[in-house]
Amino acid sequence: MDRLCIVTGGANGIGAGIVRRLHQDGYYVMFCDVDRENGERLAADLSRDNQAVYFVPCDIKSDADVSRMTEVAAEVGIQLYALVNNAGIFPRREFLEISLQEWCDVIATNLTGPFVIAQRLVPLMIPNGDGVIVNIGSGQSFRGDALGVHYTSTKHAIRGLTKSLALALGPNGIRVNAIAPGPTLTSQALQVRSREELLNRGRQLPLGRIGQPNDIAAVVSFLLGNDARYLTGQIIPVNGGSDMP
C-alpha cells in the first residue's frame, strides 16, 4: 500500500497505538513527537518488519519544526494520504491558578498545532483528490472540567475545527473526522490517577473496562478505510459508554 500516514504525538500512549495499527494495516507511517528517545525506539522496532516507519522529532508549537516535518513528508516520495492530529498536553490546574503562559501553551499545542499542521500538509493531499484527517479530541469536549479549563476549551474547539475543515476540504476529496476518547489507560492518564483508580473507573463503565490505546487506533483504522468513505465532519465517541452525547 503506497500511502503515507502522518501521526503527531506518536511516541507514546494513544499515538503509539495508532502508529502500530497503521503500520500493521500496511501504510507507510511517519510520526513526530518531542520524546526523541521513545520515538526512535518505536520507529526502529517497527522498521524491522521491512516496512519503513519514519520518526521526525518535532514540537508542534515550533514553526521551524513543523516546516521541517512538512519537508520530510514531501521528500519521502510516497503519496500523503492521512494525517492524525493526536499530539496534545493535559495539565491539571485550578482555574484561578492557570497562568496566561500555561493557557497559551495549551492552546498552541492542542488547537493551533493541529490547524497549522493541517494547513501545511493538505497541499500534499489535494493533488491526489483523496485524503483523510483524523483529529483526536476528548470526551471532555462534551462537558466541562473544573481542573482543566484550558484543556477542555481546546477539545471543544477541536470539534469546531473538524466540522469546518470537513466543509472546507470536502470538495478536494478530503474527509475530516474526530475521535473523542473516553477514559484510556495511558501514561498521561496515569499522571492524574493511579493504575488501580483508572481500572476501577473502567469497571464502572457500561462495558466494564478502561479503554486501551488500541481501542482508539482501531477506529482510526476504520476512518482511513474505504468503509468510511461517506463519513466526514463527524465526532465519534470511543469511550465504553462513559459519555453518550
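**Entry 1: contacts and ground rules**

I started with contacts, meaning heavy atoms within 4.5 Å. Among those in the protein that join residues at least 6 apart in sequence, 73% link residues at least 24 apart.

A note to myself: this is a predicted model, where local features need pLDDT of at least 70 and side-chain atom pairs count only at pLDDT 80 or more, while totals for chains, interfaces and linings use all residues. Residues are numbered from 1 along each chain as its sequence is written, and side-chain values use heavy atoms, with hydrogens and water left out.

**Entry 2: the overall build**

I looked up the secondary structure and found seven helices and seven strands. Helices (H or I, at least four residues) and strands (E, at least two) are DSSP runs, numbered from the N terminus. Following the sequence, I wrote down the order β-α-β-α-β-α-β-α-β-α-β-α-α-β.

Next came size. For 245 residues a compact globule would come out near 18 Å, and the protein has 17 Å, so the two agree.

**Entry 3: surface and charges**

How much of the protein is buried? I got 49% of the 245 residues. Buried means under 20% relative accessible area, exposed means over 50%, and partly exposed is in between (1.4 Å probe, protein chains only).

The accessible surface comes to about 11,400 Å², with 51% of it belonging to carbon and sulfur atoms. Those areas come from the Shrake-Rupley method with a 1.4 Å probe, and for residues only the protein chains shown count as cover.

I also checked charges, where Lys and Arg are positive, Asp and Glu are negative, and His and the chain ends are not counted. Each charge is placed at NZ of Lys, CZ of Arg, CG of Asp or CD of Glu. The mean positions of the 22 positive and 24 negative charges lie 6 Å apart.

**Entry 4: the cores**

A nonpolar core is a set of buried Ala, Val, Leu, Ile, Met, Phe, Trp, Tyr and Cys residues joined through side-chain atoms within 4.5 Å. The largest one has 31 residues, and those touching the most other members include Ile-18, Phe-31 and Val-220. Among the elements that supply at least two residues each are strand S1 (3-8), helix H1 (13-24) and helix H7 (213-224). H7 gives the largest share of this core, six residues.

I then zoomed in on Val-220. Leaving out residues up to four places away in sequence, Val-220 touches Ile-18, Leu-22, Val-84, Val-134, Ile-136 and Ile-179. Apart from this core lies another of 29 residues, including Ala-73 and Leu-161.

Asp-33 is found in strand S2. Is Asp-33 buried or exposed? Asp-33 is buried, because its relative accessible area is 11%. Beyond its neighbours within four places in sequence, Asp-33 is in contact with residues including Gly-9, Asn-12 and Cys-58.

Gly-202 sits in helix H6 (residues 195-203) and is buried, with a relative accessible area of 0%. Leaving aside neighbours within four places, Gly-202 is in contact with Gly-208, Arg-209 and Ile-210.

Lys-163 belongs to helix H5 (residues 149-169). I noted Lys-163 as partly exposed, since its relative accessible area is 39%. The C-alpha atoms of Lys-163 and Gly-233 are separated by 4.5 Å, though the residues are 70 apart along the chain.

Notes
Rg over C-alpha atoms; globule rule 2.2 N^0.38 Å.
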